[in-house]
Amino acid sequence: MGDYVTGVAVVPGRAGSVHLTRLARPEPGPGQALVRVRRVGVCGTDREIIEATFGTPPPGSSALVLGHEVLGVVEAVGAGVGAYRPGDLVTATVRRPDDCPSCLAGQSDMCTGGRYLERGIIGLHGFMVDRFVEDVRYLVPVPAALEAVGVLVEPLSVVEKALRQADLIQRRMATWAPATAVVLGAGPIGLLGTMLLRARGMAVHTVARTPPPNPAADLVAACGATYVSTRETPIAALADGLPNVDLVFEASGAAPVAVDAMRLVGRNGVAVLLSLTGGDDALPVPVAAINREFVLGNKVLVGSVNSAREDFVAGVADLERFATRWPGLTERLITTRLRGVGDAHRIAETATAGVKTVIEFADD
Ligand SMILES: [Zn+2]
């Protein structure tokens, strides 16, 4: 180990600027841990940062180290750290608080101040680096048995929060027993949402464009959900064939599909919007009908971003449930593996290949 660590960085605002960068090797201070990175996941946000539509470097730096989905091993701890020991597997939350009331209350995912930072995205270097230092309060333990899939805790935490939000909202109901769910989108978030809702016992219909057979359709079927291709079954036909839809997760990234979410959600149901949509195009939307259906049906439309530490903890527990219920299935979400930082320039070109791309960091 030298005096430096190597990371995969971009120059935010400059498209296609992926490069390797060296940072001073960090040392853990009091309350901190030094984490050696095993594996980092790549998601749509990383690709948006690479395409220069998103991302802010840390103060005083022109470059931003990517990566916000991580599995690592604690290598050393600073003074006063009793909860972690070298060798422990961990992941880390992404957002860091500002001084707004929500953040001060421990809910940085509900930040009202808007000055929060996010590792690998806004103002802080990310985890696509040999080693990083983090306050242990932002680390989440991962059992050794989940080594192969622990890198998925962060994306799973996004749908854990979505479900937690729906459950909180539905405290308005004397009886909330969701039986039927629709998941729009079959990327990593849609597929993890499908597995989560299946694990909660719901009948799940997962909707995407591509007709089967394809890897996402296979994963959907393997956890007992129903894959629906909109090239074969239009949304209106799907809606006509379903019982009351209690819960909708929208994770497609397509603006017209957000409108589909509003049309699909049933009486007393909740539609959770989870994907960012680009552009400013106007769409023809049947506002009167949607408004009428929402009023007459007590429907709720809610957006959900980021996730709280409790959602990471719930995600770890659910990955254990998935492993028991569907052995080996979660592993199949990881369809592309890049080898080390030297392979990281291929991140952009893996954008549409398979389901989930991860970067494997070498042991040393
Ligand atoms: Zn805040």
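Of the 364 residues in the protein, 52% are buried (under 20% relative accessible area; exposed is over 50%, and partly exposed lies in between, with a 1.4 Å probe and protein chains only). The structure is a predicted model, in which local features need pLDDT of at least 70 and side-chain atom pairs count only at pLDDT 80 or more, while totals for chains, interfaces and linings use all residues. Residues are numbered from 1 along each chain as its sequence is written, and side-chain values use heavy atoms, with hydrogens and water left out.

The protein contains nine helices and 19 strands, taken as DSSP runs numbered from the N terminus (helices H or I, at least four residues; strands E, at least two). The radius of gyration is 21 Å, in agreement with the value near 21 Å for a compact globule of 364 residues; the radius is taken over C-alpha atoms, and the globule rule is 2.2 Å times the number of residues to the power 0.38. Along the principal axes, the C-alpha atoms fill a box of roughly 65 × 40 × 40 Å. Among contacts (heavy atoms within 4.5 Å) with a separation of 6 or more, 68% are between residues 24 or more positions apart. The accessible surface, from the Shrake-Rupley method with a 1.4 Å probe, comes to about 15800 Å², and carbon and sulfur atoms account for 53% of this area.

Strand E3 (residues 32–42) has nine of its eleven residues buried. Pairing between strands requires that DSSP find at least two bridges between them. E3 pairs in the antiparallel sense with strand E10 (residues 131–135) over five bridges, and Gln 32 has Asp 135 of E10 as its bridge partner. An antiparallel pairing over eight bridges joins E3 to strand E5 (residues 69–77); here Leu 34 is partnered by Ala 76.

Gly 150 is located in the loop between strand E11 (139–141) and helix H3 (153–169). This residue counts as buried because its relative accessibility is 0%. Leaving aside residues up to four places away in sequence, Gly 150 touches Val 70, Leu 71, Val 142 and Leu 319. Gly 150 and Val 40 are separated by 110 residues in sequence, with a C-alpha to C-alpha distance of 9.9 Å.
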